[in-house]
Amino acid sequence: MKGVATFGKRVDKTHLLYGRIMEDSEYEKLLRISDMIIKEMIIAKVLTEKQLSHIKYVPGREMYKVETFHMTILNAKFKAKASKKLPEKDCLFDASVLLQYYADFEFGSFNLERIELSNIAHEAKQTGYYLCEQAVPVDAKGKA
């Protein structure tokens, strides 16, 4: 993981800061794992066409590719949820300085042990974060 980014065009009014996943030698494993999960979710009719809007199908490779693999570092929406009084729109922050300071920051590498499939419409009562519907273990060879 190297560098940080935000979603959307307004870095001065964002609610999320994430670490960018590098497209290194291990990236292909991540692509294969996500493709397998997406295909299984389509077969099971868990994903709708609307939900596939940020997922591209690559015909030459016959695989699905997520638009942006990322690791969330800061999600200010959780501040609104925690306070219960603060509107979500008041939890925006200016990420400009963070983007400059951590533009080339190397977070290091990590071993992917599991992939959590979370339901962003529901939250876990214990943590207040997205509800993990399913955890897919990944072995040392990158196989789910």
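Reader: Which residue stands opposite Tyr 18?
Author: In this predicted model, Tyr 18 faces Thr 72, a residue of strand E5. Strand E2, which covers residues 16–20, pairs with E5 in the antiparallel sense, and that pairing runs over 5 bridges.

Reader: And what is the strand order in that sheet?
Author: The sheet is open and has 3 strands in the order E1-E2-E5, with antiparallel pairing.

Reader: Why is one side of E1 and of E5 left without a neighbour there?
Author: Strand E1 (4–5) and strand E5 (70–75) stand at the edges and each has a single partner strand, so one side of each lacks a neighbour in the sheet.

Reader: Switching to the surface, which residues make the nonpolar patch?
Author: The patch, of about 600 Å², is made by Met 71, Ile 73, Leu 74, Phe 105, Phe 107, Phe 110 and Leu 112.

Reader: Where is Phe 107 placed?
Author: Phe 107 lies in the loop between helix H3 (96–101) and strand E6 (114–123), and with a relative accessibility of 34% it counts as partly exposed.

Reader: Now H1, how many residues does it have?
Author: Helix H1 spans residues 27–43, which makes 17 residues, and from first C-alpha to last it reaches 25 Å, close to the 24 Å expected at 1.5 Å a residue.

Reader: Which H1 residues are buried, and what do they pack against?
Author: Tyr 27, Leu 30, Leu 31, Ile 33, Ser 34, Asp 35, Ile 37 and Ile 38 are buried, and the buried residues of H1 pack against strand E3 (55–58), strand E4 (63–66) and E6.

Key
Residues are numbered from 1 along each chain as its sequence is written. This is a predicted model: local features need pLDDT of at least 70, side-chain atom pairs count only at pLDDT 80 or more; totals for chains, interfaces and linings use all residues. Side-chain values use heavy atoms; hydrogens and water are left out. Two strands pair if DSSP finds at least two bridges between them. Helices (H or I, at least four residues) and strands (E, at least two) are DSSP runs, numbered from the N terminus. Patches are made of residues with over 30% relative accessible area and no salt bridge: like charges are joined within 9 Å, nonpolar side chains (Val, Leu, Ile, Met, Phe, Trp, Tyr) within 5 Å. Accessible areas come from the Shrake-Rupley method with a 1.4 Å probe; for residues, only the protein chains shown count as cover. A salt bridge is a side-chain nitrogen of Lys or Arg within 4 Å of a carboxyl oxygen of Asp or Glu. Buried means under 20% relative accessible area, exposed over 50%, partly exposed in between (1.4 Å probe, protein chains only). The expected span of a helix is 1.5 Å times one less than its number of residues. Contact means heavy atoms within 4.5 Å.
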